[in-house]
Amino acid sequence: MNNDLDFEKPLVELRTKVAELKKLMSETGVNLTDEIVSFEQRMLRLEKEIFNNLTPWQRVAISRHPKRPTTLDFIPLLFENFMELHGDRVFGDDKAIVGGIAKFQGKPVTVIGQQRGRNTKENLLRNFGMPYPEGYRKALRLMKQAEKFRRPIITFIDTKGAFPGVDAEERGQSQAIAENIYEMSNLKVPIICIVIGEGASGGALGIGVGNHIHMLENTWFSVIAPESASNILWRDSSKGKLAADLMKITAPDLKELGIIDELIPEVRGGAHNNHEEQAVILKSFLAKSLSELSVHSVGKLVQQRINKFRTIGKFGL
């Protein structure tokens, strides 16, 4: 399966050419070193040109890459002794949200994240990363447990949105998300939220109220997906590219607007190119964030979190 993005095609052609030349040199013994070096230099220049000037729509495309690291990819690379916990104690266990307890650099934490699949079978199991109400209730149960045992909470956001089906509404989707937002505002432990892929609508906010909010470089965070916004604004979902440009939803935009705390750099070409290296970068930001929050009193943690969201946006008469 070809997972190359449209704007990467010139790079892919150069990589293919380099591979062909190396194979030819190996098989024939003809010295093609100069040609290979020339192509590799062109490839490096083109790579810098593309990835240093990504458009919002291109960042959205990278955030959706099928090989992008998910919550369950990051957990073993960032934490030790992770033990997954299941169920909301009301209805069932939603596999679109995973969570449990682990250790980060020797200290206990609670980890919660949205989880999508890499193929059709996995996506059906994980409901394409779109949680049901029981997923948010499971997350809240684990967060309350973390508060009881004074464990910091780390959430990984990666969803197209909460599941919009009738059965989800029948089981109280809106109320479950609203309760999470309310309860997270007042939890008496540090909360760090990291957008690792897509961060859409209330589906993201349901685990997205934190003292610190960080985003990987090629992710987005918004009340609505670009295609859905364009469908509402222009009655044309094909104008998603235009909507992405106008909405200011990418990590660089939100960092500039002061909505997120840190923009976490990605490896060249996107996090999907090297999960391990990306986890090393993410780990340093997570350690710094936990260190900063660990010195705050309970009262200051709660007040800082509330003030953070109250000051988002500008208002005038």
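Serine 230 belongs to helix α10, which covers residues 226-234; helices here are DSSP runs of H or I with at least four residues, strands are runs of E with at least two, and both are numbered from the N terminus. The model is a predicted one, in which local features need pLDDT of at least 70 and side-chain atom pairs count only at pLDDT 80 or more, while totals for chains, interfaces and linings use all residues. Residues are numbered from 1 along each chain as its sequence is written, and side-chain values use heavy atoms, with hydrogens and water left out.

Because its relative accessibility is 0%, serine 230 counts as buried, a term that means under 20% relative accessible area, as against over 50% for exposed and in between for partly exposed (1.4 Å probe, protein chains only). The side chain of serine 230 reaches the backbone oxygen of aspartate 236 at 3.0 Å. Aspartate 236 is also among the residues that serine 230 touches when those up to four places away in sequence are not counted, contact being defined as heavy atoms within 4.5 Å.

Threonine 219 is found in the loop between β6 (212-216) and β7 (220-222), and at 0% relative accessibility threonine 219 likewise counts as buried. The table sets out the contacts of the two residues.

| Residue | Relative accessibility | Contacts, leaving aside residues up to four places away in sequence |
|---|---|---|
| Serine 230 | 0% | Arg235, Asp236, Ser237, Ser238, Lys239, Gly240, Ala243 |
| Threonine 219 | 0% | Ser63, Arg68, Val195, Ile196, Gly197, Ile249, Thr250, Ala251, Glu266 |

Elsewhere, the axes of helix α8 (residues 173-186) and helix α14 (residues 298-310) come within 7 Å and cross at roughly 130 degrees, the axes being lines fitted to C-alpha atoms over the stretch in contact, with angles from 0 to 180 degrees between N-to-C directions. The two helices α8 and α14 are therefore oblique to each other, the class left once angles under 35 degrees (roughly parallel), over 145 (roughly antiparallel) and 65 to 115 (roughly perpendicular) are set aside. Met184, Ser185 and Asn186 of α8 make this contact with Val302, Arg305 and Ile306 of α14.

As a whole, the protein has 14 helices and eight strands, and buried residues make up 49% of its 317 residues. Its C-alpha trace spans about 70 × 50 × 45 Å along the principal axes.

Notes
A polar contact is a pair of N or O atoms within 3.5 Å; within protein, one must be able to donate a hydrogen and the other to accept it, and residues adjacent in sequence count only if both atoms are side-chain atoms.
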